[in-house]
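Trainee: I have a structure open and would like to go through it with you. Can we start?

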Amino acid sequence: MISGKNYIGDKLSSTSSVTFKTFNPLINLENDVIFFEASDSEIQKATKIASEAFRHYKQVSAEDRARFLVQISDELNLISDDIVNIYCKETGLPEARCLGELGRTMNQLKSFANLLLEGSFQEVSIDTPIPDRKPISKPDLRKMLTPIGPVVVFGASNFPLAYSTAGGDTASALAAGCPVILKSHPMHAGTGELVSAAIIRAAKKTNMPNGVFSNLNSKGIEVGVKLVNSPDIKAVGFTGSLKGGRAIYDLASKRNHPIPVFAEMGSVNPVLIFPKKLEKGYDELAKKFAKSITIGSGQFCTNPGVIISFESETFDLFINKLVEEIEQISPSCMLHPNIYSAYNSGIQKINKNKNVTKLTNDKIKPEINLPTHVISSVSAKKFVEDKSLQNEIFGPCSLIIKCKNTDELHEVIESFEGQLTGTILAESNDIHLTQKIIDALELKVGRIIFNGVPTGVEVCPSMTHGGPYPASTDSRFTAVGTNSIKRWLRPVSFQDFPQNLLPDELKDNNPLNIMRSIDGIVK
Ligand code: NAP
């Protein structure tokens, strides 16, 4: 049963008179449950108990934190039917997508549990002293990463499970030893409550301190603003629009004590196609990209929003095939009328641009929340001149850029703002694919894909899901994969400490048996 209330630690609470409902985009009607926005006193209580919980939670052993994460995964598994039921009603996404995302969420939790048991994430480094070093002695220095403190996570609209309540940001922060306050996404507050209840149950079963997790509902931006401004909060995780991410980043930097905001925002994910690849099989390539552009109604941050190649007969054949394929794919429901209308207004803007040619036609009359798939084209020169063409249009569309030569291709790459991904489609002996092009692309992106599609983000240690601004607010970190834990850790050095007062991680006898660097040698 969904109560519509906030979880302030393990207590359900609803003291505000501000309420809202979620929306079923498939039937274009509100769902029944009434949700209560978190009140000021609930926000204060959640941040206070998170701060108190932090003192205990940071001392909880890595092994026990791992048990907590695995228990969350088990609790989610037990309620998978209930999750599917509400998830589909709140998103319009199909059951298979929900189950896929749930599986991914559970695997993420388990992969952080494994990381905790393995121990190297704390990057322990020990430099032994040299008392008789001249002219001054060298002290005993020992360093490890420690949790930063309570973290606010903003749930993402487009991943109600994998990047929301118990998603990657929450799992990585809890793994790091940081309590989490979840600013639930209003579009899927019911899914958020069910998942929150699973986290709370897991926390109780594994004896975690109350306040290690809270879930706050919101109708508008006020709850998020107050959370980011709370002195008890020490970092923020966000997935969403550039506008929202930037606003939160600015808020956090204006605090008396600024805190880090790890925001993953918009991206058009440029795809570079080289001539030999087109000659080898433009047909198959077009089919593959039609699927990648339309999967999940294009509501992925890695959606291929821009496709670039040289003017040629084969590129024209590819474009024609892409248009034909994409027109044949039935539109699928978007997450919410707001996202649907943001998509339509983005498409209208691009249609009005006199330098852009629309290639798909609107044979199908658009139905509510079912978007029209759109392919348009523009010359390289005009693309470089008009920065507005780089704005992410969140949905099933892509802009084709035609270059006259490699100089123009370079100019296009140089003109890009930071991106999550860049894709190269080529034969390895293609003379147009030079190291200079690869180097130029590498400067702009967090991940370069060779002969693949950018959609589909593998969760593993080598994944980088981030990139230079505005793809993210800090290109040194990833939002996906076990390395995302680094966002919530800070280094602390202990100088000349007696053995008995050192954390176990730094003691000479290595009681936790973790991998450490000792005088520069990893043991
Ligand atoms: P959003 O508008 O950026 O909102 C995300 C979260 O941030 C929401 O919980 C929202 O709160 C909060 N928020 C937004 N602006 C804020 C501000 N100024 N101060 C404090 N909190 C703020 O993203 P969305 O709702 O997920 O979707 C809207 C658009 O974002 C989409 O159409 C798409 O363009 C983009 N988007 C991009 C990605 C991506 O991965 N690149 C993913 C999802 C969405 P409230 O909802 O409570 O107002």
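This is a predicted model: local features need pLDDT of at least 70, side-chain atom pairs count only at pLDDT 80 or more; totals for chains, interfaces and linings use all residues.

Trainee: Fine. Which residues come nearest to the ligand?

Mentor: Ser157, Lys183, Ser241, Met265 and Cys301 come nearest, out of the 24 residues around the ligand.

Trainee: And how far is the side chain of Ser241 from an oxygen atom of the ligand?

Mentor: An N or O atom in the Ser241 side chain is 2.5 Å from a ligand oxygen atom. For His185, a polar side-chain atom lies 2.9 Å from an oxygen atom of the ligand. Gly220 uses its backbone: an N or O atom there lies 2.9 Å from an oxygen atom of the ligand.

Trainee: How much of the ligand does the protein bury?

Mentor: The protein buries 84% of the 860 Å² that the ligand exposes when taken alone.

Trainee: Which elements give two or more residues to that shell?

Mentor: Strand E12 (235-239) and helix H8 (242-254) do. The largest share comes from H8, with three residues.

Trainee: How do the shell residues divide into nonpolar, polar and charged?

Mentor: Eleven are nonpolar, ten are polar and three are charged.

Trainee: New topic. Where is Thr191 found?

Mentor: Thr191 sits in helix H6, which covers residues 189-205.

Trainee: Is Thr191 buried or exposed, and why?

Mentor: Thr191 counts as buried because its relative accessibility is 0%, and the cut-off for buried is under 20%.

Trainee: What does Thr191 touch, leaving out residues up to four places away in sequence?

Mentor: Thr191 touches Ile83, Ile86, Tyr87, Glu90, Pro160 and Leu161.

Trainee: What about helix H5, how many of its residues are buried?

Mentor: Nine of the nine residues in H5 (residues 168-176) are buried, so the helix is largely enclosed by the rest of the structure. Among them are Gly168, Asp169 and Leu174.

Trainee: And what comes just after H5?

Mentor: Gly177, which takes a positive phi of about 105°.

Trainee: Last one, the open sheet. In what order do the strands come?

Mentor: The order is E16-E17-E18-E15-E14-E19-E20, seven strands with mixed pairing. Strand E16 (357-358) and strand E20 (445-450) are the edge strands, each pairing on one side only.

Trainee: How do E17 and E18 run, and how many bridges join them?

Mentor: Strand E17 (residues 374-379) and strand E18 (residues 397-403) run parallel, joined by six bridges. As one example, Ser376 has Leu399 in E18 as its bridge partner.

Terms used
Residues are numbered from 1 along each chain as its sequence is written. Side-chain values use heavy atoms; hydrogens and water are left out. A residue is near a molecule or strand if one of its heavy atoms lies within 4 Å of it. A polar contact is a pair of N or O atoms within 3.5 Å; within protein, one must be able to donate a hydrogen and the other to accept it, and residues adjacent in sequence count only if both atoms are side-chain atoms. Accessible areas come from the Shrake-Rupley method with a 1.4 Å probe; for residues, only the protein chains shown count as cover. Helices (H or I, at least four residues) and strands (E, at least two) are DSSP runs, numbered from the N terminus. Ala, Val, Leu, Ile, Met, Phe, Trp, Tyr, Cys and Pro count as nonpolar, Asp, Glu, Lys and Arg as charged, and the others, Gly among them, as polar. Buried means under 20% relative accessible area, exposed over 50%, partly exposed in between (1.4 Å probe, protein chains only). Contact means heavy atoms within 4.5 Å. Two strands pair if DSSP finds at least two bridges between them.
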